[in-house]
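Take a moment with the model before reading on.

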Amino acid sequence: MSQSRRLLIVGGLLLVILGMTYGLYYALFDEHQTLENITVSLARGFSLAAGKELEPARTALDAYAAAKFEYVREVDVHSHWSGLALLLILFGIIFDQVAYPEHVRRFLAGAMVAGSFLFPAAVLLQTFDQGIFPKALAAVAAALLIVSLAAVAVGFARAKDSQG
Amino acid sequence: MHATASPVAATRAFPAQGARRLLILGGIGLILAGMIFGDIFAVFVLHQNAGRVGEHLQAGVDAVAEGNAAAAEAHILFIGGPGGLLENRGTKVDTHVHIIVFGYLALLLALVLPYVALPDPVKKHLAILFMVGAALLPVCVFLIYYVGLAYSPLTSIGWASILADLGGLLVIVATAAYLAGVWRNLRSGRGALKAEVLLPEQSWSSRALLAGGALLVLAGYLHGAYYAGVHLYQHEARDVQLLRTMLESAAAGNAADAGAAVSSYGALQGEKAVHIAAHAHIIGFGTLALLLAFVQPFVFLSDLWKRRWAATLLAGSVILPVFVLLELKWGLVAGGIADVGGLLVIVALTGMLVGVLRHAGRLDAIKV
């Protein structure tokens, strides 16, 4: 098996397990608490506003927004790690059919594995740090993924014969 | 008709009672079940549930205007609390997504099997373990809304959630064991079992599914990048801003502004939902098309019918996400067309499943 295929298959299987383990951890220890935070903060905001306490109501809405920000990203991380892992394994099985020399395929495989791990990781990082670094990392990793995916699609299109 | 040359090789690649047959038939079955569930959910639950969320949000805002704190809180808890409207929606979406993704993973594991250095009986038992987990998790997630916290030993997690997590654990264990088998294979340097390696055929249907699948996945990621870059943060800011306007206007007795904010909030939720649904479906269908390109050698149908099902699947895969996005402009008409797109994918997948079952029956009838 070529190095590029090995990288994609092993990277993909590791990423599947990472994505599912993260999902299991999240469902057990975080999801219910986060959902409760979202609802309780919003309900408190409405209740306080009904009592004309507008400043505390705004604070409650900020807590709601923060919890929802976290929830959206945590679910995204789980689904993107798992979904990208499936693609990596799939490409790994037929990567010899991509019509590039092996060193280019190895580079593309490395870029896809790195992008597939880093993009969701950067999104997860945003729940701890809302500065520019996690956003920039997510953007770079997503660009890496899209460019390498496009290159692989072109490579498949250029392939004429099936290789084993 | 199909590519496998000799009956012995064909039986080796798709053995009766074997792990691969279980994973391929089970995988397509899971995907079909998930898609049919998704269509039923979209037609009978999704829009009705969104309408009820809007009604309770408006009622909550009215309660704020009347100074009735208890009623305002009760309406919000009815939307987002345990057993609430968002739990009804969320658990059904999770059921739909997990059945389908486990179906994809089952098909993928069937393709990886030749690289797994484990005895055949172990591979088969792992496949059974995987399928049990893959069925248990979505069924239990579906039940979360109905079972709630009844008889639960925990304060916020019910029995349905606990059993769903157990299902997830079974899937992780089976997948990790297959990974260990791949690792053993790589360390031994034996390579794959050639007779079992599946590659896409050079048929029209396989090539169309490969090329179409790759394009769909690429389009899905481009759309995701566009959404994240242009709309995501803007939508999040508007979400909380509209809630502020609702509460401040209602508290000030300005019912018109509060009502307008409730309407805008509903429209915003719809806008977010269609973008996320389009992104998820186009990538999901692309992945499905790529996977099915490998399964074509096992579809025992004439080339003409294999072409028809591949074309139908790709057409549905484009129609659904495009018309989901158009719901923003065309409303329920576009939603109806999107549902037809989903139906086309289901019909095509059923056609291919029939072909795989015919292939299995034909092999079992051959004495080798």
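What pattern does chain B follow, read along the sequence? The answer is α-α-α-α-α-α-α-α-α-α. This is a predicted model, and its chain B holds ten helices and zero strands. The C-alpha trace of chain B spans about 80 × 50 × 35 Å along its principal axes. Of the 368 residues in chain B, 45% count as buried. Consider next the contacts in chain B between residues at least 6 apart in sequence. Of these, 80% join residues at least 24 apart.

Helix H5 of chain B, residues 120-147, deserves a look. This helix has 28 residues. From its first C-alpha to its last, H5(B) reaches 39 Å, close to the 40 Å expected at 1.5 Å a residue. H5(B) also carries a kink of about 25°, centred on B:Val141. Just after H5(B) comes B:Gly148, with a positive phi of about 60°.

Now divide the chain. The domain assignment of chain B gives domain 1 (8-198) and domain 2 (199-368). The C-alpha centres of these two domains of chain B lie 18 Å apart. Where they meet, 30 residues of domain 1 of chain B are in contact with 34 residues of domain 2 of chain B. On the domain 1 side, helix H1 (7-13), H2 and H4 of chain B each supply at least two residues. H2(B) gives the most to that side, with 18 residues. By type, the domain 1 side divides into 24 nonpolar, four polar and two charged residues.

Next, the partner chain. How many residues of chain B are in contact with chain A? There are 56, and they meet 49 residues of chain A. Several helices of chain B give two or more residues to the side that touches chain A, among them H2 (19-66), H4 (85-112) and H8. Helix H3 (69-80), helix H6 (159-188) and helix H7 (204-251) of chain B are also on that list. The largest share, 17 residues, comes from H7(B). The side of chain B that touches chain A divides into 40 nonpolar, eleven polar and five charged residues.

Which residues touch the most other members of the largest nonpolar core? They are A:Ile89, B:Leu108 and B:Val112, in a core of 124 residues. Helix H8 of chain B, residues 255-295, gives the most to this core, with 15 residues. Both domains of chain B take part: the core draws at least three residues from each of domain 1 (8-198) and domain 2 (199-368). Look closely at A:Ile89.

One last stop is A:Arg58. This residue sits in helix H3 of chain A, residues 54-94. Why does A:Arg58 count as partly exposed? It has 18 other C-beta atoms within 10 Å. A residue is buried if 20 or more lie within that distance and exposed if 12 or fewer do, so a count in between means partly exposed. A:Arg58 and A:Arg44 are 14 residues apart in sequence. In space, the C-alpha atoms of A:Arg58 and A:Arg44 are 9.9 Å apart.

How values were computed
Residues numbered from 1 in each chain as written. Chains lettered and ligands numbered in written order. Predicted model: local features only at pLDDT ≥ 70, side-chain atom pairs only at ≥ 80, totals over all residues. Core = buried A, V, L, I, M, F, W, Y, C linked by C-beta atoms within 7 Å. Helix = DSSP H or I, 4+ residues; strand = E, 2+ residues; numbered from the N terminus. Domains from an automatic or database assignment. Contact = placed C-beta atoms within 7 Å. Nonpolar A, V, L, I, M, F, W, Y, C, P; charged D, E, K, R; others polar. Expected span 1.5 Å × (residues − 1). Bend = angle between axes of the 7 residues up to and from the residue.
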